[in-house]
Amino acid sequence: MKKRTDDELVFLPLGGSGEIGMNLNLYGYGPERDRQWLIVDVGVTFGDLSTPGVDVIVPDPAFLEGEKIRGIVLTHAHEDHIGALGWLWTRMKAPLYATPFTAYLIREKLREAGILDQVELIEVPLGGTIDLGPFQVTMVTMTHSIAEPNGLAIKTPLGTILHTGDWKIDDDPVIGGVTDADAITRLGDEGVLAMVCDSTNVFVEGSAGSEGGVREALSELISGLKGRIAVGCFASNVARMDSVIRAAEAAGRRVSLAGRSMHRITAAAKHVGMLHDIKPFLSEQEARVWPADEILYLCTGSQGEVRAALSRVAEGTHPYVKLSNGDHCIFSSRVIPGNELSVGRLQDKLADRGVRLYTEKDHRGIHVSGHPCRDELRQMYEWARPKIAVPTHGMRRHLVEHANLARDVGVPESITPRNGDMVRLAPGPAAIIDEVPSGRLYVDGGRLVTEQGEALHERRHASTNGVLIVSFAMDKRGKIVSDIDVRGIGLPGDEEMPLGDSLDDLAERVEQVVGKLKGEALEDEMVIEQAISRALKKASQQIWDRRPIVETIILRL
C-alpha cells in the first residue's frame, strides 16, 4: 500500500468491535509515517468451554509496539475496559488517565501485577479536560451500571469524535449525575465528526429503565421477607449496592459482604465519598450468629462463577454463609449471554436447599440494564448529530443493526469495522483504509500465550478426544522386552466392551506396528512414536469415533 503523507484522523479497534467485551480502541492523528495515538480502554473478556483452563482473554497489542502513544484514557472501571492493564501496560508504557473511582481500582490492579511503581496514573476530575498532543479529551458524564462512567469528547484539528463508552439515559441514577445532555448537545452544535457508540442493546425497543425504579422494587421485596436474605448482583454496580443496603436497613436488617469483589468495590466507593451514612458492615463471622430475620448478605457470583460467594453457598462449602429452607436469594442482575448453564446450575442447587429464588424474569423491576436501548440511541443521535456513526461494543449483528438505526435517524455515513480495521474518519468520506495485526492473547498458567498456542490446542483436543499413554521397554536391537502398557484418559467403556479390553487390543496393535519396523527405523524413537500414533489413532477412530492424543514412552535397555 502506498504511504499516506497527509494528516489523517483514524479510528482503529483492536478489541470490542464485533464482541461484547475486551475493549481496546485507538485514535490516530497525523501522517502514516509519524502518526500519534490515543488509546481508549484496555479490557478483558472471559474464557468459555472453547478455552479450557483459560479464564481471562486480552487483546493482542502487537501493532502498538514502537508506536507513538500519547496516553491511555479509561472511560470507566468495568473489567472489559480496564481489566487488561496489568497484563498489557508494559507493552504500551503510556500514562493512564481516569476519574477518581476508576483510578482507585486501577491502582489495585496494577499493584496486583507488581507494576504500580512503574506507571504514571493521573486522576482527572469529572468533566475534566486532558491535552495529549493533537488530542484534547474532555470527560463527559454518563450513566451506566458503575460509578463515574464517562464518554469522551476527543477534539482534533480534523474534527471532534464523541466516544460514548458504556452508557444509558437514567433520570434517577441513585449515585452520580445524569447523562450530560447539555454537554452532548453543545458538542452537536459545534459539530461532531463521528460518534463511536455502544451497541449492546440495539435490538431492544424502548429504554433500559432507571436505578431509582430498581431501588423501589428491591425495597418493597426485601421488606416483606422473613428469614435470611442473600442478594446477588454485580459488585461494580455501586448504585445497586447502595439500594440493597438501604432497603435492608429500612427493613431492620444489617448487611454483610460476601466475596472479595464486594469488599474491593465498597472500599473504592467510600474512598470517593459514596456509600455514606450507612451502618458498618457485619463481618461474615458476626453475621453467622445474627438473627435470621435481621441479616442480608450482599454476594458476588450472580453469574454462577465457581469460586464466587454464591456458588460456595449453593454447594454448602462457604465457611460462614449458610442458606437453607425458608431463606431467600434475590438475583438483581441479568444473565450474561453464555452464562445460562452456570446460572441455571447455581439456582438449581440453591432451590435444592429450600432457598426461594427471585429473578428479573419473575419479579419485575429488580434489575435494569446499564446499556442504551433503541429509544436512548435515537435520543443520543438527536443530541450529538454526528456526520459518521461508528457502532462498537457488540456482536457483529449488533453493529450492523446499529448502523441501520443510525441511517434511519439521518446520520449521513455509517461504518462497521472489525477488530484490526483502520477507519479513516477525515479527510474525505469514512472508509476502511488498512488492516493491522489483531487478535487475542490468553492468560494461561499465569502467562500470556497466543490463540494458536500448542498447550491450548492440545488441551482442546484432549478434552474432546481423550489421551492414550503407551509405555514399554526395548533392547538395543529394537526388540520389545517388556509388557506393553496402554492407558486411556477420557475414553469410554461399557459392559459390552470394557475400556480395559479395548486397551489390550491397542497394546497388540502396538506390538504389530513395532514388529513391522526394520533397520534404522528401530533406532529412531521419533519414527517409532509416529508409527504408533498413526496406528492407534486409526484404531481409536474405529473403536470410539475419536482420534486421541497419543503419548509414547520408550525405555531403552
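1. A cavity is a set of points on a 1 Å grid over the protein atoms alone where a 1.4 Å probe fits but cannot get out, and lining residues have an atom within 4 Å of a point. Grid points are joined across faces, edges and corners, and a volume is the space filled by probe spheres set on the points.

2. Keep in mind that this is a predicted model, in which local features need pLDDT of at least 70 and side-chain atom pairs count only at pLDDT 80 or more, while totals for chains, interfaces and linings use all residues. Residues are numbered from 1 along each chain as its sequence is written, and side-chain values use heavy atoms, with hydrogens and water left out.

3. The largest cavity comes out at about 50 Å³. Its lining includes His 81, His 163, Asp 166, Asp 198 and His 393. Strand S14 (residues 194–198) gives the largest share of that lining, three residues; helices (H or I, at least four residues) and strands (E, at least two) are DSSP runs, numbered from the N terminus. By class the lining has eight polar, two charged and two nonpolar residues. Here Ala, Val, Leu, Ile, Met, Phe, Trp, Tyr, Cys and Pro count as nonpolar, Asp, Glu, Lys and Arg as charged, and the others, Gly among them, as polar.

4. The second largest cavity has a volume of about 30 Å³. Around it sit Ile 245, Glu 249, Arg 254, Val 255, Lys 279, Pro 280 and Phe 281. Helix H6 (238–250) and strand S16 (254–258) are the elements that each give two or more residues to this lining. Its residues split into four nonpolar and three charged, with no polar ones.

5. Now for a pocket, meaning an open set of points with protein on both sides within 12 Å along at least five of seven lines. The second largest pocket holds about 220 Å³ of space. Of its 21 lining residues, Glu 148, Pro 149, Ile 175, Gly 176 and Gly 177 are the closest to the centre. The lining counts 10 nonpolar, eight polar and three charged residues.

6. Last, a helix pair. H3 (residues 100–113) and H7 (residues 260–271) have axes that come within 8 Å and cross at roughly 135 degrees; axes are lines fitted to C-alpha atoms, for helices over the stretch in contact, and angles run from 0 to 180 degrees between N-to-C directions. Residues that meet (heavy atoms within 4.5 Å) include Phe 101 and Tyr 104 in H3, and Arg 260 and Ile 265 in H7. By class, this contact has seven nonpolar, one polar and three charged residues.
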